[in-house]
Every structure is written in structure tokens, then in C-alpha cells.
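Come along and follow the entries with me.

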Amino acid sequence: MATQITTFTFFRYSSLKNKIWAFGMMQFAHRPLHNVEGLLFYKLLGSGKAEFNPRPDWSVYALLQVWENEAQADKFFEVSALMDKYRQRSSEQWTIYLKNKIARGKWAGQQPFTPHDKLSDAIPYVAVITRATIKTKFIRTFWRNVPASQKPLHDNAGLLFTKGIGEVPISQMATFSLKVSTVPINRILARNGSSCIVIIEQL
């Protein structure tokens with residue numbers, strides 16, 4: 001039985017000094033994260049302004065992590081010196097624990113998300129991550145079509161939270177959305193394509 005846990009943490013920064021620090025940590029946090037016990041995969045992520053805007057939101061950053069099990073994730077958040085630094089610098093933090101239901105496509109050449117075999121479609125909340133690398137020749141077309149593609153998401157009455165995120169501005173983009181699950185998972189996948197990763201919230 002799969003025990004893998006995914007955590008997604010958002011940090012908000014208020015002062016200019018701390019925003020500059022957070023931007024620098026997109027590079028300098030790699031070293032301490034490489035040696036974390038039980039950490040299988042991680043991504044340091046910036047974010048975009050509202051409505052999946054290509055312009056950066058310098059006040060919000062995110063950390064995606066995939067763990068061997070929940071205990072190792074708990075230990076990291078409780079004792080990590082790196083997390084202490086993030087907490088001291090940020091004005092808000094929010095971490096959500098997730099179990100994977102379905103994953104499609106690859107991220108950085110691998111598929112880090114292991115499906116749990118005993119998750120029910122009746123779980124009332126679903127988190128959806130969509131991610132894609134956009135080829136240079138398609139960047140203008142991609143961003144021109146974003147408003148129309150995002151409208152069904154923002155018109156969804158069950159949407160609780162959504163944020164555009166990414167590893168590289170403009171060309172390596174993703175979205176994280178949390179919603180009340182009133183739509184079958186397969187229909188969500190069909191709408192978002194093969195790069196979609198669907199993760200069910202741990203209850």
C-alpha cells in the first residue's frame with residue numbers, strides 16, 4: 001500500500017527585504033533540500049499575479065515536496081532549520097498535505113507521484129496541479145489563449161483557491177487549484193490534457 005505524501009506550501013512576504021530574500025532562496029534553498037531524509041522530489045516555485053498572469057507576483061512563493069511517508073514530512077516541518085528561516089521571513093504560510101489519486105505526464109523527466117490505491121472519489125476536496133513547458137515559438141499563442149482557458153475554472157462555484165505558479169517565468173508554468181469535488185476526476189483530466197496531475201487532499 002502506498003504511503004507517499006505530497007505537501008504544497010505557500011509563503012507570502014510583505015517587506016521588500018524579505019521579497020528579495022525569497023527570490024534568492026529560489027537558488028540557495030536547493031542545497032539544504034538535497035539532503036532531507038525521506039524527500040523524494042521537490043520544486044521551488046515562484047508565482048504569477050491573479051488570473052494566471054505571466055507577470056511575477058514577488059510576494060508569493062511555493063514549495064512542492066513529495067515524501068516517502070507522512071511522518072517524514074511532519075519531521076521536516078517541525079525541526080528543519082530551513083523551514084524556520086522561511087517562517088521568520090514570511091508573513092503568512094500555508095501547507096496542505098495531499099495523497100495522489102491520478103497523475104499523467106512527467107515533471108523534469110520523471111513521474112514522482114505514486115497513486116494511493118484506497119482513495120475514494122467521494123472525498124469532498126480535490127487539488128489539481130497542471131504543469132507544462134511551453135516551447136519558445138508557442139509562447140505568444142499560449143498566453144493569448146490563457147483568459148479563455150481559465151474562465152471555466154474561475155466560474156466554478158466549488159473553487160476554493162487557485163494560484164499560477166512556475167519554475168521559470170513565461171515558459172515553465174503551472175497552476176495549483178483546490179476545489180470542492182463535484183466533478184468526476186476523469187472529466188477534470190479530459191479538460192486539462194496530458195500534463196495534468198490530480199491529487200486528492202488527505203483527510
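**Around the cavity**

I began with the elements: α1 (16-28), β2 (39-47) and β3 (60-67) each give at least two residues to the lining of the largest cavity. I kept in mind that this is a predicted model.

Next I checked how many cavities of 30 Å³ or more there are, and the count came to 1. I noted a volume of about 50 Å³ for the largest cavity.

Which residues line the largest cavity? I wrote down F11, Y13, A22, M25, M26, L44, L45, Y61, A62, L63 and Y86. I then sorted this lining by class and found 11 nonpolar residues, with no polar and no charged ones.

**A look at α1**

I turned to α1, a helix of 13 residues. From its first C-alpha to its last I noted 18 Å, close to the 18 Å expected at 1.5 Å a residue.

Which residues of α1 are buried? My list reads N18, W21, A22, G24 and M25. They sit on the same side of α1, because they cover an arc of only 170° around the axis.

Last, I asked what the buried residues of α1 pack against. The partners are β2, β3 and α4 (81-89). Two of the buried residues, A22 and M25, are also among those lining the largest cavity.

Terms used
Residues numbered from 1 in each chain as written. Predicted model: local features only at pLDDT ≥ 70, side-chain atom pairs only at ≥ 80, totals over all residues. Heavy atoms only, no water. 1 Å grid on protein atoms, 1.4 Å probe; cavity = no way out; pocket = protein on both sides within 12 Å on 5 of 7 lines; lining within 4 Å. Points joined across faces, edges and corners; volume = space filled by probe spheres on them. Helix = DSSP H or I, 4+ residues; strand = E, 2+ residues; numbered from the N terminus. Nonpolar A, V, L, I, M, F, W, Y, C, P; charged D, E, K, R; others polar. Expected span 1.5 Å × (residues − 1). Buried < 20%, exposed > 50% of the residue type's maximum accessible area, 1.4 Å probe, protein only. Arc of directions from axis to C-beta. Contact = heavy atoms within 4.5 Å.
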